[in-house]
Every structure is written in C-alpha cells, then in structure tokens.
Amino acid sequence: MRVRVWSRLPSTEPQNCLLASMPVEMAVAKDVEFNGKLQLPFGWHLMGTANQGPNHKVNVRVNTIIDPQGKEYPITAMVLSLEQEPGF
C-alpha cells in the first residue's frame, strides 16, 4: 500500500521520540486490491499513531479508516515495510 502523509503537526519543542506517540493522518494514494478485489479505495483516509521503533524505524498503527463522506470505521492495523516487517 502506498500512502502519503496528509498533514504534519507543528512542533515548537524537541520531543522524546522514544516515548512519544504522535497522531498521524494518511491518505490512500492509489486503490488497494488484494486477490483481485478492491480493499481500500483511492481518497480514503487512515488515522492512527506513529512512534519510534527498533533500529530507528517509525512504527505506524492505524485505528480508524475514513471514507470520502466522512464516515469513520474502526480498525486495528499496522503499516508494514516492503519486507512485511513493522516500521519503515
């Protein structure tokens, strides 16, 4: 799945990334299909949290999917690398 970071949170103070969990919003940049079926359409948004994982990777957990009309769907998911490992 390819996603784009939709917004950034301004920060005026340094933050401890090892402890902090930051909210993130992502937008689906391309239709996502699995086994020939559309799973996540272009234009939907994903909400979740990001924090620093091992080896300086960023772990992103998704807890909400939002359709173009603004309806929210709860989900429990994690963004994986191309190697199917947590973090990128």
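Select Y73, which counts as partly exposed at 32% relative accessibility. The model on display is predicted. A search of the whole structure finds one aromatic pair. That pair consists of W44 and Y73, whose ring centres lie 5.9 Å apart with the planes at 20 degrees, so the two rings are stacked. The pair links distant parts of the chain, 29 residues apart: W44 belongs to the loop between β4 and β5 (45–52), whereas Y73 lies in strand β7. Distance of the centres and angle of the planes are the two values by which a pair of aromatic rings is described.

**Second stop: the whole chain**

Now zoom out and colour the chain by secondary structure. How many helices and how many strands does the chain contain? The count is zero helices and seven strands.

Switch to a surface display. The chain exposes about 7000 Å², and carbon and sulfur atoms supply 56% of that area. Of the 88 residues in the chain, 22% are buried. Among contacts with a separation of 6 or more, 29% are between residues 24 or more positions apart.

Return to the cartoon and select residues 32–34 and 37–40, which are β3 and β4. These two strands run antiparallel and are joined by three bridges. Within the pairing, E33 stands opposite L38 in β4. The two strands form a hairpin with two residues between them.

Next, select N35 in the loop between β3 and β4. Phi of N35 is near 55 degrees, a positive value in a residue other than glycine. Is N35 buried or exposed? N35 has a relative accessible area of 68%, and a value over 50% counts as exposed, so N35 is exposed.

Select β5 and β6, which pair in the antiparallel sense over eight bridges. To find one of the partners, pick M47 and look across to T64 in β6. The hairpin formed by β5 and β6 has five residues between the strands, and N55 in the turn has a positive phi of about 60 degrees.

The pairing of β6 and β7 is antiparallel and comprises five bridges.

Show the side chains of M26, V28, V32, L40, L46, A50, V60, V62 and I65, the nine residues of the largest nonpolar core. Which elements give two or more residues to this core? They are β2 (22–28), β5 and β6 (58–66). The most come from β6, which gives three residues.

Stay with β2 and select M22, which lies in that strand. M22 is partly exposed, with a relative accessible area of 29%. Draw a C-alpha to C-alpha distance from M22 to Q52: the two residues are 9.7 Å apart in space and 30 residues apart in sequence.

**Last stop: the salt bridge and the segment after β7**

Finally, select K57 and E85. The search of the whole structure finds one salt bridge. The side chains of K57 and E85 meet in it, at 3.6 Å from N to O. This pair links distant parts of the chain, 28 residues apart, with K57 in the loop between β5 and β6 and E85 in the segment after β7. Both residues are partly exposed: K57 has a relative accessible area of 26%, and E85 has one of 40%.

End the tour at Q84, which is also found in the segment after β7 (72–78). Q84 has a positive phi of about 65 degrees although it is not a glycine. At 58% relative accessibility, Q84 counts as exposed.

Terms used: Residues numbered from 1 in each chain as written. Predicted model: local features only at pLDDT ≥ 70, side-chain atom pairs only at ≥ 80, totals over all residues. Heavy atoms only, no water. Helix = DSSP H or I, 4+ residues; strand = E, 2+ residues; numbered from the N terminus. Buried < 20%, exposed > 50% of the residue type's maximum accessible area, 1.4 Å probe, protein only. Contact = heavy atoms within 4.5 Å. Areas by Shrake-Rupley, 256 points an atom, 1.4 Å probe, with all protein chains shown as cover. Phe/Tyr/Trp six-rings, centres within 6.5 Å; stacked < 30°, edge-to-face > 60°. Core = buried A, V, L, I, M, F, W, Y, C linked by side-chain atoms within 4.5 Å. Salt bridge = Lys/Arg side-chain N within 4 Å of Asp/Glu carboxyl O. Pairing = 2+ DSSP bridges.
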